[in-house]
Amino acid sequence: MVQQYCQGCGAHIQSINPEDYGFVPEAQLNRRPLLCQRCFRINHYGRDEIGPVQAQNSLAAIEAGLSWCTGVVLVVDLMDFEASLPRELLRLIGDKETIFAVNKVDLLPEQTPLREIQGWVEKRLNDYGLSQVQVSLVSAVTGYGFPTLADEIENLGAHILFVGVTNVGKSSVLERLLHMRIGGGQRGRVKPTISPYPGTTVQVSRWQCPGGLILADSPGYVPQGRVSDLVGIEYARELIPHRQLSSHLYPVQVGDLVHIPGLCGVECVESSGAGLLLGFTGSGVQWHKSTSKHRKKWLDQYHGPCQVKGWEERTIKLAPGQDAVISGLGWVSARKANFGLRVHLPQGVHLTIRPNLIGRKK
Ligand SMILES: Nc1nc2c(ncn2[C@@H]2O[C@H](COP(=O)(O)OP(=O)(O)OP(=O)(O)O)[C@@H](O)[C@H]2O)c(=O)[nH]1
Ligand SMILES: [Mg+2]
């Protein structure tokens, strides 16, 4: 019997276990297009009843996809830039012809000049040893940048794989390009399944376009060190940036605490003068200000939906015009003073210092 695949998530179709990926009741196996029960329920009820793809399985699928493809579109989430570029994923892609599609630019504050962001992205990629790479700023939600991206992928050969960490918008970017390529009478066909939960796509799924081009979706590479991956999927949905970036500006002196309740705290232990910290998030949580005296209340004793198993403490220096990024959560940016900060993070979460994404650049 020919193996069949779910068109939404790429899972192998099976009629044995409703609690596993790719389940379609036997009586519905002849339906076209074929969509598994999990995708159907994500699309219609917004619920993922099975949960995210396992890291090992997604890695195997990405490796298989990479050996099939002639070129790669690496989708990066601008709101969680560093977490979108795990070393191992970059190593796997190796020297395949690649376009970096930096997605979710619609979440930037409206007045942000995109030309500056393009320069910022190129410099950051340079820091990762990725120089002379092709960068396209896009938004799968508004369609920004898609005419250019659609032209650029012409140079990637006939088999193009969309790769990236979970939830960056691979399926969304692919869906928009399919719509541009296929459009017309085929619009009603099943689309790649898109959801706010990380780990939706579970296998490589291929889409044939006119002219012989094949675009393929892939499951997300599961990165290390994101706060959003340490919490339950319903709460992860809250933490993942989905609305325009908001910032809160706090005058900060020694003894102040800027925090996201139950998730992280940034204590000022040193300051060169009257400085400011700007806290950024694009999600359902926000930065608040308190004092070091209340740190325990806000972090250890906070009984929120996220039960942090243990805390880690990192002491950093942050100069004006630098961001301290807490992976999968948000960042604080220093203005007007040099700070010594003690950062409290859930165990295993990555902290990165970088030149500021938002605001005047040096
Ligand atoms: N604001 C905004 N949200 C986006 C954009 N692109 C995707 N999203 C949202 O990001 C979430 C994840 O999108 P998907 O396309 O499912 O992401 P994915 O990378 O395929 O995710 P996995 O299959 O889980 O690895 C969904 O809630 C999308 O609506 C974008 O350009 N802007
Ligand atoms: Mg997907």
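**Domains, cores and a ligand shell**

Tutor: This is a predicted model. The C-alpha centres of domain 1 and domain 2 lie 30 Å apart.

Student: Which residues does each domain cover?

Tutor: Domain 1 runs over 55-223. Domain 2 takes 239-355.

Student: And how many residues from domain 1 and domain 2 make the contact?

Tutor: Domain 1 supplies 11 residues and domain 2 supplies 13. On the domain 1 side, six are nonpolar, one is polar and four are charged.

Student: New topic. Which residues touch the most other members in the largest nonpolar core?

Tutor: Val73, Val76, Ala101 and Val173 do. The core has 78 residues.

Student: Which strand gives the most to this core?

Tutor: Strand E1, residues 71-77, with five residues. Both domains take part too: at least three residues come from each of domain 1 and domain 2.

Student: What is valine 173 in contact with, leaving aside neighbours within four places in sequence?

Tutor: Val73, Val75, Ala101, Asn103, Val138, Ala140 and Phe162. There is also a second, separate core of 12 residues. Ala11, Val24, Cys36 and Ile50 are among them.

Student: Now the ligand. How many residues surround ligand 1, and which are the closest?

Tutor: The shell holds 25 residues. Gly169, Ser171, Ser172, Thr201 and Gly220 are the closest.

Student: Where does the largest share of that shell around ligand 1 come from?

Tutor: From helix H6, residues 170-181, which gives three residues.

Student: What about the shell by class?

Tutor: Around ligand 1 there are 14 polar, eight nonpolar and three charged residues.

Terms used: Residues are numbered from 1 along each chain as its sequence is written. Chains are lettered from A and ligands numbered from 1 in the order in which they are written. This is a predicted model: local features need pLDDT of at least 70, side-chain atom pairs count only at pLDDT 80 or more; totals for chains, interfaces and linings use all residues. A nonpolar core is a set of buried Ala, Val, Leu, Ile, Met, Phe, Trp, Tyr and Cys residues joined through C-beta atoms within 7 Å. A residue is buried if 20 or more other C-beta atoms lie within 10 Å of its own, exposed if 12 or fewer, and partly exposed in between; C-beta atoms are placed from the backbone. Helices (H or I, at least four residues) and strands (E, at least two) are DSSP runs, numbered from the N terminus. Domain bounds come from an automatic or database domain assignment. Two residues are in contact if their C-beta atoms, placed from the backbone, lie within 7 Å. Ala, Val, Leu, Ile, Met, Phe, Trp, Tyr, Cys and Pro count as nonpolar, Asp, Glu, Lys and Arg as charged, and the others, Gly among them, as polar. A residue is near a molecule or strand if its C-beta atom, placed from the backbone, lies within 6 Å of it.
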